[in-house]
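Please look through the sequence and the structure below before reading on. The notes that follow take the chains one at a time and then consider how they meet.

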Amino acid sequence: MLRYLGKRLLSAIPVLIVVGVVAFLLSHMSGGDPARVIAGNDATDAQVEAIRQQMGLNQSVPEQLWSWFMNLLHGDLGYSYVLGEGVTPTILSHVFPTLSVAVLGELISLIVAIPLGVLASDKHGRAADRAVLAFATLTTSLPSFLAGLLLMIVFVLNMKLLPASGFVYPSDDIGGYFSHLILPALSVATLQIAIIIRMTRSSMIDSLGSDYIRTAEAKGLTRARQLWVHAFKNSSISILTIVGQSFGELIAGAIVVETVFNVPGIGQLVSNSILRRDYQMVQGILIFVALVFIVVNLITDVLYAVIDPRIRERSF
Amino acid sequence: MAADGNGPRWLKALLASPTTLVGGVLLAVIALACFLMPWLGHMDAYATNTSAMLAAPGASGHLMGTDNVGRDLFARVLLGGKASLTVGFSAALIAGIVGLVVGLYSAYYPRLGYMLMRICDGLMAFPAILFGIVFVGSFGQTTRSVVLALSIVFIPMVARVVRSATLANMNENYVQVLVNLGAGGNRILWRNIALNVIGEWIVEVTFVFADAILVEAAMSFIGAGIPQPHPSWGNMLYDSRTYIYSAWWLTVFPGVALALTVFVINMFGDGLREVLDPKKRR
């Protein structure tokens, strides 16, 4: 197990390097002089020069890349000249609302998608299966922010059921926390639901075709037991994997949806940073989300090695 | 190439698959409407009219109403569709071609493949929307950099599909026979393997087309996509938020157009997958 863990950690290194290099290139390959862009149009040459010194732009590109990378390893995602604050603390202060939307969205997706996926695999090839698949295609085609706008028109403007926008911290009012979260979470769930339905269905179909299910059937187990206890246990690993792999897109979805509902999370930080032309901040957020994605995938990989000993052995 | 014998059969399968047919026809209708109607109908998507601001659908000759400066919404939805389809299609085409090359070679040459796949892993760690926003921030908010950003984001997805399809083919006897006959890597890849993976490639590129439209819309929605005043479904939805209380049509029409188009493309892709790969049909 320890060897597996070590091996899995090592395999994350090339990915980290690529993420770092690509992000560095994005920030340093743009056409103009970054120092002048940051300083703004009214800056004097001396001010531009000061920023250039501060950013280390006088060094050679490999030197810059190295020092930038070292900062990254220390958790320093850069400095926002527009806000006059470090990027990392600013991002961290916006994480909680985004994470709330993403996690609740993921929960809703799992609750909706898993029963539908299992149903489709049980009725494989029949009308119910086709209906579930059509539903999945429909939710794939509905971008989260559009779902958010439409939900807002229905539930807030017409039915006046839920608050339109904003965010309440659970320490202030737990009921308000959930009533503000439910529409954003439902909106980000759209794409996730489709992904989980497809994965559940196809891995369940594989499981249902295997020998141990035939044995279970021969033993006289009920269909529900075959489906939920025997086949589902095996499929849960694929579902866990896809949940991990789609987590980055889930966060991205939450970021866009936040701007619809004025949730003060990372999404609001992104759109405000775009308006302020604060690209240091946006780049920091990009790397931050990529790092979260890598860590989540590491955790899911390790988790299913814990669940399934075959995976530990297969990797040697 | 045995395509002569397969041609009619392939066509028959296509006609027998209602999903593909309906999806394809609807996609063609949407594309024709977006590209030809504004031109044929002499529609002006930019003309403002202060006497007809936020007119409801149907009022004063505006089928879908007007926006906050009195521009005809129908014309803008069509023109926005033209932009979305063009950007999505261009990105899918570029990502498709580069992804095909990367996928084929990385499967055939394992060492090169290992490196290329690690780069793909790294690129896939970035959520498409955020990568697009940062890219556009660095290289300027133009349609060209939006297309380029989307292409980069989707190359790894195509490359992975092509690579795994190619690897599956490498285990087939015919590849070993060709190697023994002395055929070079390029010849085997392009004259033989490519023809066997092209089906899966087309399906993947279709899905990338749909995804690229969605990501572009999300980028425009957050303010970093196709630049104003050119309409795109995403930036129309961005504008609509201010008037969501008073003018629902500004949200609903571009939104439905976007979702419908992506749905039709996905439907077409699902159908194509069944037609091109009967083994996977289930």
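Among contacts in chain B between residues at least 6 apart in sequence, what percentage join residues at least 24 apart? The share is 70%, where two residues are in contact if their C-beta atoms, placed from the backbone, lie within 7 Å. This is a predicted model, in which local features need pLDDT of at least 70 and side-chain atom pairs count only at pLDDT 80 or more, while totals for chains, interfaces and linings use all residues. Residues are numbered from 1 along each chain as its sequence is written, and chains are lettered from A and ligands numbered from 1 in the order in which they are written.

**Chain A**

- The secondary structure of chain A consists of 14 helices and two strands, these being DSSP runs numbered from the N terminus (helices are H or I with at least four residues, strands are E with at least two).
- The C-alpha trace of chain A spans about 85 × 60 × 35 Å along its principal axes, and 38% of its 316 residues count as buried.
- A residue is buried if 20 or more other C-beta atoms lie within 10 Å of its own, exposed if 12 or fewer, and partly exposed in between, with C-beta atoms placed from the backbone.
- The average pLDDT of chain A is 83, and 93% of the residues score at least 70, on a scale of the predictor's confidence in each residue that runs from 0 to 100.
- Among the elements of chain A, helix α2 (residues 34-39) has the lowest mean pLDDT, 67, whereas helix α5 (residues 87-122) has the highest, 92.
- Where pLDDT is low, the predicted coordinates should not be read in detail.
- Asn262(A), in the loop between α11 (247-261) and α12 (266-276) of chain A, has a positive phi near 55° although it is a residue other than glycine.
- Asn262(A) counts as partly exposed because it has 16 C-beta neighbours inside 10 Å.

**Chain B**

- Chain B has ten helices and zero strands, and its C-alpha trace spans about 80 × 45 × 30 Å along its principal axes.
- Of the 282 residues in chain B, 51% are buried.
- Helix α5 (residues 128-139) of chain B has twelve residues and reaches 16 Å from its first C-alpha to its last, close to the 16 Å expected at 1.5 Å a residue, a span defined as 1.5 Å times one less than the number of residues.
- Eleven of the twelve residues of α5(B) are buried, including Phe131(B), Phe135(B) and Ser138(B), and the helix is followed by Gly140(B), whose phi is positive, near 95°.
- The axes of helix α3 (residues 73-108) and helix α8 (residues 185-222) of chain B come within 7 Å and cross at roughly 145°, where axes are lines fitted to C-alpha atoms over the stretch in contact and angles run from 0 to 180 degrees between N-to-C directions.
- By class, the contact of α3(B) with α8(B) has 18 nonpolar, four polar and one charged residues; Ala, Val, Leu, Ile, Met, Phe, Trp, Tyr, Cys and Pro count as nonpolar, Asp, Glu, Lys and Arg as charged, and the others, Gly among them, as polar.

**Where the chains meet**

- In the contact between the chains, 39 residues of chain B touch 42 residues of chain A.
- On the side of chain B that touches chain A, α5(B) gives the most, with ten residues.
- The residues on that side of chain B divide into 28 nonpolar, seven polar and four charged.
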